[in-house]
Amino acid sequence: METKMSAAKVKMRQKKMRNQPASVQYPSSPGDAENSARRTGGDSPVTGEAGGGKDPSSIHPNTEQPENPHPRGGWVRGHQRDGGVYTKEMPNHITAGAFARARAAEVSTMLKAVTKTTGSCHVFGALPKHMRRRAMSHNTKRLPCRLRELANRLREKSLQAGSKKKKKEEAKGRSRKARRHHGNLLLEFNRRQRKNIWLETHIWHAKRFHMVKRWGYCLGVRPTYKCYRPSYRAMSSHCLLQDLSYYCCIELQGEEVELLSSLSQLTSKEAGPTFAAALCLSGQRQGSVVVYRAGQYPTQPLGPVTFLWRPRVQGSTHRQLWIWAHPTIKQDLLPELQTVCQVCEAVLPPVPPAEVFPTLEPQSEPGKTPEAKQMTGTKRKRTCKNERGPPAKKTLGDGTRSPNTPITWKSTSNGIVISDLTMEIVRYRLIGPQSHSVLVETMKAATDCNEISKSQPSPLWWPEQCRNESRMNLHRQQADVFHLLKGIYSTGELPSGTVLGLTVDDPRLTLPTKKVKALPCVKQAQEVGEEVKRRELMLRGVPAPCCQSSLWERSVRDNVTDNKISQKELNRMKSEVLVPGSRISPTPLQGRVPVLLVHQPGKHVGHEMSCWGAGWDLLLPKGWGMAFWVPLVYRGVGIGGLTMSLKHSENKGAAHFPHDYPDCPAGARFQEEQEAQLLSKFKRYPPAKRPNYIKHGCLAPFCCPWQQLAEEWDLILSEGEQNEGERQTQTKTQADAEMMMMEEVRPCGETTATKPPRQVTVLRNRKSLRLLSGWCGPTTSKGQRARGGVSPLDMSAMTRFLSAHGTSLVWVRLSLLSKGKPELHAMVCAPTAEDLKLLGKEPGACGPVEPPHREPFERRTRRQQKGTKTAAASEKTEAKESDPSPEPNPSTSEGPLSSVPPPLQSSPDLTFGLWSDPLPSVTSHCSRVTLGWVTHGDFSLSAGCGEALGFVSVAALLHTLLNQPMEHRGMLLLRNPAAMHYRFAKVNLEV
């Protein structure tokens with residue numbers, strides 16, 4: 001009885017037989033062998049694998065074969081199963097035709113089996129396993145020589161099959177050497193600047209900083225190395241360098257009277273000095289002001305700007321003004337300036353003539369055919385060695401702007417011209433007490449031209465300048481004033497906003513071989529007259545004539561940019577110097593650059609750390625950014641990014657734009673973006689790792705609802721003093737009632753009709769701020785009180801103050817009295833009488849603790865996370881627990897959530913641990929009344945304690961100060977969003 005083959009053997013036999021020709025058949029039993037022998041002319045093929053077959057030469061079709069005494073039970077490999085032997089008898093005769101056909105089938109089967117890869121369609125599958133490599137699949141050179149041609153043919157077939165499917169063939173990659181070629185690299189950089197503007201120091205920053213795309217620019221946020229404390233030490237004791245070229249510059253030209261009358265609509269004298277300030281108008285000082293929409297003060301502010309007037313020219317009333325603004329203000333400020341100046345006519349820029357470059361088309365040679373195509377994966381070769389395209393030019397300025405975009409607008413009525421000089425002027429900021437020493441070591445006053453250069457006509461601007469004797473006298477005066485800076489100990493000793501114009505030599509000519517830390521030269525022997533000039537400079541600033549600079553003229557800026565010496569040419573000139581490392585003499589005529597030095601004030605408010613963070617701003621023509629950046633770095637300065645700009649403002653106690661301007665459009669947009677980023681980061685954590693802000697009693701951990709805060713405090717104080725006592729006793733009851741009512745009010749969307757609320761604003765009235773600062777103490781972080789008489793705070797004074805600034809916010813600085821570090825969006829609260837008593841008994845007390853809150857949406861969010869099926873199962877479980885009957889009815893059962901309306905149960909905007917809009921009362925939600933929130937908070941290295949900057953409601957602050965005893969006036973509480981402990985803090989309102 002024959003036995004069937006197993007499934008594994010059948011599968012193995014099918015795998016071996018799939019490549020065999022139809023003329024050759026391998027029998028699986030002796031009966032099949034006889035039948036196949038008859039069909040093929042009496043010969044059956046014999047293979048070494050089948051082992052049970054017989055030699056076809058010993059078989060004759062008419063000869064009967066003896067029966068096998070040991071019948072096979074199926075096809076097996078090797079010899080016969082029961083020890084059968086091969087027949088050794090030789091045939092008497094053979095048929096030539098049948099014999100030849102059988103041998104031909106065997107030979108073709110053998111050749112096909114050898115050439116066909118076993119199992120795999122890849123060429124390297126034919127190799128032994130110990131010779132195969134993974135890289136052979138994409139690099140044919142890894143294969144042996146005998147298989148490379150076949151691999152290339154298979155690759156061509158796969159590419160042709162892909163082209164038939166109309167797939168786009170990938171671009172042929174170039175080698176790294178070709179990609180790093182100067183021309184190709186420049187074209188690639190220019191292409192990448194079409195979406196986001198690159199600063200001239202972008203490549204330098206990209207190698208050392210974490211870069212972000214923000215406000216349409218590619219900016220460095222922080223270095224890739226640890227820099228927090230080194231940067232603070234640089235700002236405190238030496239110098240920190242930042243690239244502020246992303247700030248936008250808007251130029252206004254026209255008659256002085258027309259400019260002042262137009263700009264007066266955007267500012268108010270109540271908020272401080274305006275564009276018409278005497279020192280600023282003369283060009284000796286740089287001014288700063290917060291601009292508003294025309295005639296809308298104190299509402300609808302646009303943001304802070306700095307401005308600089310060009311010094312007056314004798315006998316002319318035509319003036320020139322530069323306004324520097326943050327890039328987020330430009331989209332709001334420029335249309336407002338065009339409106340108030342009545343500028344509506346756009347001046348189209350001149351279209352440069354298109355340069356036509358001859359193109360070389362490679363001619364097809366008769367010996368070469370289109371079939372000789374380059375194979376993908378191999379290096380490309382140039383088809384024409386003499387082929388040259390147009391030379392690539394580096395993108396300077398705004399690469400995202402179209403050449404046909406107007407940047408100048410002119411008024412037909414008053415003659416005012418507005419120009420957009422964004423990215424036309426490079427601006428560097430040096431922060432620290434030794435900023436002036438770094439500038440003096442880096443830059444040298446420009447040297448005079450020789451007589452030969454003066455006599456010959458030149459397209460450069462400096463020889464023309466040297467021919468004018470009055471201008472050269474002014475240049476010598478400016479060089480003398482610049483030389484006086486060497487003897488000044490600290491940058492903060494100079495008047496704030498001082499402006500100095502100067503022309504300097506190319507700083508690359510004096511570049512040191514190693515980094516050297518620039519230090520002041522105070523100990524040098526000084527003449528009596530020089531000391532008098534230095535004291536005059538420290539008291540009165542730079543004289544008015546020395547504030548003039550050729551940087552104001554567009555023609556000079558373009559001339560300096562176009563004729564800059566390339567680094568390659570400069571290196572060649574240095575190599576020809578006899579003494580290596582010495583300065584090139586004479587100085588090339590292209591190496592004179594007009595600059596402007598603008599003094600930046602440090603901390604000029606309050607009674608602590610006066611003048612901390614003062615420095616200089618260096619203004620340069622475009623194209624010279626790296627020529628000045630590298631020499632400045634070689635003077636041992638620290639480098640800062642956007643993070644250090646924020647920390648610089650925090651240490652000064654100044655508001656940082658756009659973070660600390662919630663009433664400006666740019667500030668509102670920033671808060672929305674920040675809230676989205678923080679919420680996205682919060683949701684990326686697993687639910688078990690997220691802080692439950694509802695149980696912590698934090699309504700808004702990612703944003704600050706300023707409008708709601710101002711409206712609630714306005715409502716509290718409008719009800720009168722007679723209801724204030726009842727409100728304090730009912731605070732906890734109302735908070736619980738609001739939580740229960742949220743389930744009914746929110747799904748229905750019913751809101752009571754109220755009068756339109758007043759828009760929240762930030763208090764910037766100087767007179768009101770001084771009065772409010774006096775009521776707060778004023779105090780310092782060390783607990784010392786300042787001298788000076790202030791009118792007492794009583795109910796009538798508070799009522800008069802709130803009638804003008806009822807819904808306003810005020811900028812405050814809070815210093816912790818004990819341990820702790822304030823965080824972003826920490827709550828500023830008012831302490832109770834018991835808290836102040838605790839502080840009087842224990843001055844180092846940490847503060848009270850907020851009791852845990854109940855979360856009304858916990859089950860709802862859990863059910864939303866589990867899904868519909870899990871929610872249905874949980875509803876049944878809750879129904880069984882609430883109703884002890886054996887067969888409860890789900891429609892009539894009353895569980896814990898039976899009172900929740902169906903729309904709210906399936907609300908998709910519920911997030912575990914967060915309150916959803918609309919928020920309940922922000923003032924009475926916690927056990928301590930909320931006054932405001934923190935926008936910046938950290939441990940201050942300058943004060944040695946935790947400090948926070950933020951806003952509080954004016955009404956809330958006055959109400960708290962009025963109810964506090966005199967010895968504890970100005971004492972508030974701080975609580976982080978994810979903490980339950982309150983910390984005592986001292987409020988500082990610095991003006």
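A residue counts as buried under 20% relative accessible area, as exposed over 50%, and as partly exposed in between. The model shown is predicted.

**First stop: a helix surface.** Select helix α3, residues 96-115, in which Val107 is found. Because its relative accessible area is 43%, Val107 is partly exposed.

**Second stop: an open sheet.** Select the seven strands that follow the order β6-β7-β8-β5-β11-β10-β9, paired in the antiparallel sense. At the edges stand β6 (287-292) and β9 (345-347); each has a single partner strand, so one side of each lacks a neighbour in the sheet. From one strand to the next, the twist averages 30°. Within this sheet, display β10 (residues 408-410) and β11 (residues 417-420), which are antiparallel and joined by three bridges. Trp409 is found opposite Ile418 of β11. Next, show helix α11 (residues 327-340), which lies across β5, β6, β7, β8, β10 and β11 and runs at about 80° to β7.

Select β23, residues 983-988; six of its six residues are buried, so the strand is largely enclosed by the rest of the structure. In a regular strand, side chains alternate between the two faces of the sheet. Both faces of β23 are covered, with Arg983, Ala985 and Val987 buried on one side and Phe984, Lys986 and Asn988 buried on the other. Arg813 stands opposite Asn988, while Leu974 has Arg983 as its bridge partner.

Key. Residues numbered from 1 in each chain as written. Predicted model: local features only at pLDDT ≥ 70, side-chain atom pairs only at ≥ 80, totals over all residues. Heavy atoms only, no water. Helix = DSSP H or I, 4+ residues; strand = E, 2+ residues; numbered from the N terminus. Buried < 20%, exposed > 50% of the residue type's maximum accessible area, 1.4 Å probe, protein only. Pairing = 2+ DSSP bridges. Axes fitted to C-alpha atoms, helices over the stretch in contact; angles between N-to-C directions. Contact = heavy atoms within 4.5 Å.
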